[in-house]
Amino acid sequence: MTKLQFYGILGGLCIAAYSYLGFSYQQSHTAPATFCVFKSATGVPCPACGTTRSVQHITKANFGAALKINPLGFLTFGVLLVSPFWLLADALKRKDSYYRFYQRIENGLKRKIIAIPITLLLLANWCWNIYKGL
Amino acid sequence: MDAQKADMFLMSNGKYFESHHLPQIRQRLLELDESKWIMVQSLGLKDPTTSLIVSILAGSLGIDRFMIGDTGMGIGKLVTCGGFGIWALVDLFLIMGATREKNMEKLQEVLY
C-alpha cells in the first residue's frame, strides 16, 4: 500500500465514521439501520456488529455497557479520536509518521506470536456477538 | 537466464502481474542468475480472480485483504464492517490490482 492510498483510505474512513456516528445519534429514537452487508445477507452478526452502539456508550462514559455490546468499540473509538489529529499533523508538517506507525503495526501483526492470539480473540468476540444476537 | 525460460515464465504467470510490468519483469529475468530460477518458480503468487471471488463473498470481513498479505487493511476492514460497506464495495474494483501489485512486490524481492 502506498502512502497516498493509506492517507486517502484513512481520511475517507474518518469522514464516513464521523458522518455515520452523527447520523446514528439523530436516528437513535428509531430502530437502528444496519449497513452491514454480512448481517443483511446471512442474518448472522459480523465481528464488528455493535461497534457504533459501543462507541455511542463510550462517548456517554457508559464503559461497562460499551464493553458488553462490543469491546471493539474501544479500539474504534481510540482510532477515531487520534486519526484526524495525526492526519492533520502529518499533512501540515509534510511528514509520514502515521504511515510509518501503521507499517510497524502491520509488521508486528504478521508475526505468529501476535497474529494467533489476536485471531483467537476476534473469533471469540464474534462467537459472543452471535450468542448475544446483536 | 535464457530468453526461452523468461518467456515461458511470462506466458504461464503473466496474469498475476500488471501488463505494464511485464517488459520490466522480462528484462530482469534475462539478467537474472540461473541459480535464482528455482526461487522465482517457487514464489507463491496469488490469483487476482480468486481475490475478487473472496472479495465478493467475504469482503466485508476483510478476508480478501488478509489473503493478499495486507494484514493492517484486513483488520481495518474487519473492525469497521468493511469500512461501513463502502470500502468493501470499492475494494471489488481495487482488489485485483492490489493483488497484482503484491505479486510484483514478491517477485521484486527475488529479482533485486
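What share of the contacts in chain A with a separation of 6 or more comes from residues 24 or more positions apart? In this predicted model, such pairs account for 47% of those contacts. Let's start with that chain and then turn to its partner.

Taken along the principal axes, a box of roughly 45 × 40 × 30 Å holds the C-alpha atoms of chain A. Among the 134 residues of this chain, 19% count as buried.

Two packed helices are described by the angle between their axes and the distance between the axes. The crossing of H3(A) and H5(A) is right-handed. On the H3(A) side you will find Thr51(A), Ser54(A), Val55(A) and Ile58(A), and they meet Leu72(A), Gly73(A), Phe74(A), Thr76(A) and Phe77(A) of H5(A). The residues of this contact comprise 5 nonpolar, 4 polar and no charged.

Now for the partner: 22 residues of chain A are in contact with 17 residues of chain B. On the chain B side, helix H6 (71-79), helix H7 (81-84) and helix H8 (86-111) each supply at least two residues. H6(B) gives the most, with 6 residues. By type, the side of chain B that touches chain A has 9 nonpolar, 7 polar and 1 charged.

Note on methods: Residues numbered from 1 in each chain as written. Chains lettered and ligands numbered in written order. Predicted model: local features only at pLDDT ≥ 70, side-chain atom pairs only at ≥ 80, totals over all residues. Contact = placed C-beta atoms within 7 Å. Helix = DSSP H or I, 4+ residues; strand = E, 2+ residues; numbered from the N terminus. Nonpolar A, V, L, I, M, F, W, Y, C, P; charged D, E, K, R; others polar. Left-handed = near helix turned anticlockwise from the far one by under 90°. Buried ≥ 20, exposed ≤ 12 C-beta atoms within 10 Å, placed from the backbone.
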